[in-house]
Structures are given as C-alpha cells and as structure tokens.
Amino acid sequence: MSEVLFAHPRGHVFYRSMGHARPAISHGSGVYLWDKQGKRYLDASGGPIVVNVGHGRREVIDAMTRQLETAAYVHATMFTADVIEQYAERLAALVPLPAARFFFLSSGSEVVEAALKLARQIQLARGHADRTIVLSRRQSYHGMTLGALAVSGRPGMRAPFLGMLVDRPHVSPPYAYRDPRTGAEYAAELEATILAAGPERVAAFIAEPISGASLGGAVPDDAYWPAVREVCDRHGVLLIADEVLVGLGRTGRMWALEHWDVVPDIFVSSKGTAGGYFPFGFVAAKGDDVEALRLAHGDFNHGGTFSHHAVGAAAGLAVLDIFERERLVERAAAMGALLKERLALRLGDHPHVGDIRGRGLFLGLELVADRDTLAPFAPARKVASAIHHKAFEDGLIVYYSQGCADGVQGDLVMLGPPLIITEAHVDEMVTGLASAIEAVLGS
C-alpha cells in the first residue's frame, strides 16, 4: 500500500467520498498545507470552512498541551475546570444574548441537536407542553444526526433516512438570485406556516443567518431577519440561529446575525470555535431561560461523553486571543471585500458564473449553464465537483456542493480561507479558481 495515497477499498479506512485517492498530509503552516510528496496547497476553504486562525499556530498548540498535561479528560457530571469557566466568561462578552449560558459539545451536528432539545425543554418550562414542532428552511443543512437532519432541507442527504426522521414543515430560504422576494414576503410565508401548523404547537424556528453550503453564502435582504424576529415573537416561537459555519468572524462581524442587530433566543456555533485544532462547539441560551429550565426540571435532559472538554476550551481561548490581537474580524471584512471585488473583476463576465455572493470571507459562486435563463447544469455533469478536483490538482483547495437550485440541480463553489490571508493570497485564490473554472467550462 502506498505511503502517500489512500483510497477505498485499499487499506482498512473508508471515507465519505469513496471514489478517489487522497494525498497523505505532511504538515500545515499559515494558509498552506503540504502533502508527503512535497506538493503545496493553498487552503482557500479552510477545509469545510473551519480553519480561521491558520494552520500550525504555536499558541493554540501550546494552550492545548498545557491543559493536556494538567488534566486531559474529566466528565462534566463530576468536575468543572477553570479553563471551561474562563472560556464561557469570554464568550458571554461576545455573544449577543443577555446573561448568556453555554453548553459545550464536540461538533456542529451535536450543538444543533442539543439546541432542538433545549428549545423543547424551555417551552416545557414555560408551560407549553404541546410545542413540539421545529420549523426550518428548504436548501439548508444543520447536521448529520437524525434530529438535525430532520430540520435540514437538503433532499440528497435526507433521502435514505426519510423513514427514520420526524419530518417537519420547511419554508423558503431567502435566495435573491432565484427567488427575488422581499424579506417581508419570506417572513409572511414563515408566519403562514406557523399558523397552518398551529402556533400553540410550534416550539422554534432554526435557520442560518447567511445560508451555508446548500446555497453558498446567499445573503437575505435587510428586512428579512427583523421581520422573522417579529413573527417569532408574535407567536411565542423560539428563534435558533445556526452559526456553525458563519460564526466567529467569518462574515466580517463576530456573529453573522449581528449584521442585522437581531438577537436570537438560542445560538449555536462550532466549526471555527477552536480553529480546527479540536472538535468543539457550543449552544448558547439566555440566562433567564436556563434558570427557568433549572427551576422547572432541575436538569437539562441532554449530555455527551465529551461535553465541556477542557482541551477544547483551552483551544477556544487561544483562538479568541489571536482574534483580538490580530483583529481578525476586521481583517475578514476587509479581505472579504477585496476578494469579492477581484472575483467579480476576473469572473463577473464569465458566461457560466451566474452569481458571486456572500459576506466577509464566506463567499460562493453559483455556476449556470445559461446566465440569461439561470438554467443550471445537468447534475450528471458534476460541474462543481470537477472544478474542485481541478483546483485541488493545481494546489488550490475550494469547497463545493450541488443542489442549490432545487435540491438536485445547481452547482456551487465556495471560498472560506483562514482569516489571516493577505492580498497576495487573495490574488492567488482568484487566479487559481479562475483557471480551474476555465479548464472545466471554458473561458
């Protein structure tokens, strides 16, 4: 078996994507990765939009090592750790929830699952036993667990498990490129769906402030989130903001929902929380809601073996230190604006680049067969996948997905590099992506 390339069915590991060989990693530093053959890759997607402070940051590694040497693992039902309490205190000053309280878990799927359970238990604590329905949006993704998948709106990921899911109504996502309704009109659809389900039965509405990989950075108009907040308040529905992808500075604000000065009831984040150095994320809730739950039920009916992990908190604290010292939120806003501008200059007139969208360093390009009609490519062509693989071959890592147009058709390529990028990296990304697009689709 080769030391460098691994592919199913060779060896004893199987991967989500089974149809191609993958290089073995050697090391990473800053915005670059190197494989064992010495090839260098610019990590223009931060993996799946995870790496924010860059690879190989000694301060994060050292913080984790110190905690590992102190106590690598304790169970959260038995002990707390200073670093967990300190991290929660730092986050409380950053998360836009009054007297925020935090529950720490290991992944985006886990924190979404926990948020759904938390919403239900808050409604029970308020005396609303019939509120069991969680509404969400089509063309969304909230995680791999069955609860998170039930509220997700990606048909391809849901299809094999439909008989196992407790399915709930989905509403339209704000998607100006293909559905140019106003934010108020989208919010009216949400309200109509709440009324149809019975307001007394709806516990929560979960959505990404800026759409993630399913829609590639689709940004709602400025009326959308305030109108959604009003609808939820009118009917006693909890608003859950899924900031797993877009949180922690990615969009040029610390949290994406801050672009609209809207405060959710429950807040989740994960991918960038520990910068990719440790699997870590959190659910945040208003202090009054957590206290009401405690008084009504005594405990939060949820848990996890690796919850409240001190090593994850140590990594998270070190990431926050880097953010503050290097002003990475402001950097994401500035570099994101520059990247979007140069993408538009280089690819804005390309006959198959239909839309360039997003905020900060969270950008998506929708690829179309016809710009005039917005007709997508046939799914069998796997256009976004082909562009990803061509870019990877050339040493540029981008993220991609298929199905944005209708759940099946529609090709997206996304950029979400570490927030430490420079202008030279911007130019390298634009040149590399344009080259891959032109190699696959022509100029």
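Biologist: Which strands does helix H11 lie across?
Modeller: Helix H11, residues 328-347, lies across S13, S14 and S17. Strand S14 covers 362-367. Keep in mind that this is a predicted model.

Biologist: And at what angle does H11 run to S13?
Modeller: At about 175 degrees.

Biologist: What is the order of the strands in that sheet?
Modeller: S13-S14-S17-S16. The sheet is open, with 4 strands, and the pairing is antiparallel.

Biologist: Which are the edge strands?
Modeller: Strand S13, at 353-359, and strand S16, at 399-402. Each of them pairs on one side only.

Biologist: What does the twist average from one strand to the next?
Modeller: It averages 20 degrees.

Biologist: How many bridges join S16 to S17?
Modeller: There are 4 bridges, and the two strands run antiparallel. S17 spans residues 411-415.

Biologist: Take Tyr-400. What is its bridge partner in S17?
Modeller: Val-413. That residue also turns up in the contacts of Leu-433.

Biologist: OK, what else is Leu-433 in contact with, leaving aside neighbours within four places in sequence?
Modeller: Besides Val-413, Leu-433 touches Leu-343, Leu-365, Ile-387, Leu-396, Val-398 and Leu-415.

Biologist: Now the core. How many residues does the largest nonpolar core have?
Modeller: It has 112 residues. Phe-205, Leu-343 and Leu-433 have the most contacts inside it.

Biologist: Which helix gives the largest share of this core?
Modeller: Helix H10, residues 310-326, with 11 residues.

Biologist: Why would nonpolar side chains gather like that?
Modeller: In soluble globular proteins, such side chains tend to be buried together.

Biologist: How many cavities of 30 Å³ or more does the structure hold?
Modeller: It holds 1. About 50 Å³ of space lies in the largest cavity.

Biologist: What lines the largest cavity?
Modeller: Ile-49, Val-50, Asn-52, Leu-245, Gly-247, Leu-248, Arg-250, Lys-271, Gly-272 and Leu-419.

How values were computed. Residues are numbered from 1 along each chain as its sequence is written. This is a predicted model: local features need pLDDT of at least 70, side-chain atom pairs count only at pLDDT 80 or more; totals for chains, interfaces and linings use all residues. Side-chain values use heavy atoms; hydrogens and water are left out. A nonpolar core is a set of buried Ala, Val, Leu, Ile, Met, Phe, Trp, Tyr and Cys residues joined through side-chain atoms within 4.5 Å. Buried means under 20% relative accessible area, exposed over 50%, partly exposed in between (1.4 Å probe, protein chains only). Contact means heavy atoms within 4.5 Å. Two strands pair if DSSP finds at least two bridges between them. Axes are lines fitted to C-alpha atoms, for helices over the stretch in contact, and angles run from 0 to 180 degrees between N-to-C directions. On a 1 Å grid over the protein atoms alone, a cavity is a set of points where a 1.4 Å probe fits but cannot get out, and a pocket is an open set with protein on both sides within 12 Å along at least five of seven lines; lining residues have an atom within 4 Å of a point. Grid points are joined across faces, edges and corners, and a volume is the space filled by probe spheres set on the points.
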